[in-house]
Structure formats: C-alpha cells, structure tokens
Amino acid sequence: MCSITAALVASTALSIASAGAGYMQETEQANAQAEYQAKVAAESRRAAEQNAKVAEESYHEQAAAQSIQYMQQQEQTAQNVQDLQKERMQKVGTAVASSESAGMSFQNLIADFYRQEANYRNNYNRNMEYNKTAFETNVNGLRRTAKNQSASFQNYIPSNIQGPSLLGTGLSIGGSIAQGAFDYYTLQKKYSA
C-alpha cells in the first residue's frame, strides 16, 4: 500500500510540475510575442515616417519643376511681347519712311499695327493666366498626392496577446491533486475490503 501511495504522490507531483512548466512556457511565449509585436510596430512607425518623408521630398521636387516650367513660360511670353513690339516699331518706321504712305491710309496702317500688337499681347496675357492657373492646380494636386501618400500607409496595430492563465494552471493543479486523492481513496477502499 505504501508503494501505491508513493506512486500516487509522485504522479500528483509530476502533474503539478507539468502544470507549472506549462505556465512558465506560456509566459515565455507571451513575452516573446509581445516583444515581436513591439518590434513590428516600431518598424511600421519607421516605415510610415520614411514614407511621409519621401512623399514630402517628391512634392517639393515636383513643385520646383512646375515652378521652373512656369517661369520659363513667363520668360518666353515676355520675349514674345518684346519681339512683337520690336516688329511693330520696325513696321511703323518703314511706313513712316515710305513716301507712298500719306494721309488717312497712313493713319489706318499705323492703327492696324497697334491693333495687331494689342491682340497678340492680349492673347499672350490670357495664355499666361491659363498657365498660372494650370501651375497652381498642378502644385495643389501634387500636395494632395503627397498627403494621400503619407496617409495611405497603414500603421501596424498589435493584437492582444493571450498570456498564461493563472486560474487555468491552478485548476489543472487542483484537478491533479483531486485525481490523486480520488485514486488514493479508491485504491485504499479496494485493498481495505
């Protein structure tokens, strides 16, 4: 009977040790999972910051390119207007120097030169307004694209970590003790009778 009691006590002790080891293993797994999720979250934040930085740099580069293009268009328009004025002055000079131009037809010719120049100048100015509107629209679109690119990066959200259950471990130990006691009393009754 003594060996049966020893076997039951040893079995109960082994069950208790196994439950304790399981609890420790679950604790280590939960800690490792929490550490891993913390690393993933930190990397996600770093990637989001890098993404925002790249989007901002891209915006500035593209906006600068748009600005340069707009300034080149302004310079070209100014050059065209200057060329137009120069051409008008040459035509007026030629008309004045011409001996055939006289009277009313001469005045009409000069007025026509000024009218053509004014029409061309208005067209250039209108085109520059369109270019300015297009430039502003493009830069605003680039800004929105950069903001959307920054906002589109999804941060990692750690999930809940299921740690070991002290109650479950306690119930497992309690169950092992109860089973051992039940087995002991069952065997004691069997051998007592």
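Reader: Not counting residues up to four places away in sequence, which residues does Leu 142 touch?

Author: This is a predicted model. Contact here means heavy atoms within 4.5 Å. Leaving out residues up to four places away in sequence, Leu 142 touches Tyr 59, Gln 62, Ala 63 and Gln 66.

Reader: How far apart are the C-alpha atoms of Leu 142 and Tyr 59?

Author: Along the chain, Leu 142 and Tyr 59 lie 83 residues apart. Tyr 59 is also among the residues that Leu 142 touches. Their C-alpha atoms are separated by 5.8 Å.

Reader: Is Leu 142 buried or exposed?

Author: Leu 142 sits in helix H2, residues 103-152. The relative accessible area of Leu 142 is 18%. Buried means under 20%, so Leu 142 counts as buried.

Reader: Which pattern does the chain follow along the sequence?

Author: The chain has three helices and zero strands. Read along the sequence, the pattern is α-α-α.

Reader: What radius of gyration does the chain have?

Author: The C-alpha atoms fill a box of roughly 150 × 20 × 15 Å along the principal axes. A compact globule of 193 residues would have a radius of gyration near 16 Å. The chain, however, has 45 Å.

Conventions. Residues numbered from 1 in each chain as written. Predicted model: local features only at pLDDT ≥ 70, side-chain atom pairs only at ≥ 80, totals over all residues. Heavy atoms only, no water. Helix = DSSP H or I, 4+ residues; strand = E, 2+ residues; numbered from the N terminus. Rg over C-alpha atoms; globule rule 2.2 N^0.38 Å. Buried < 20%, exposed > 50% of the residue type's maximum accessible area, 1.4 Å probe, protein only.
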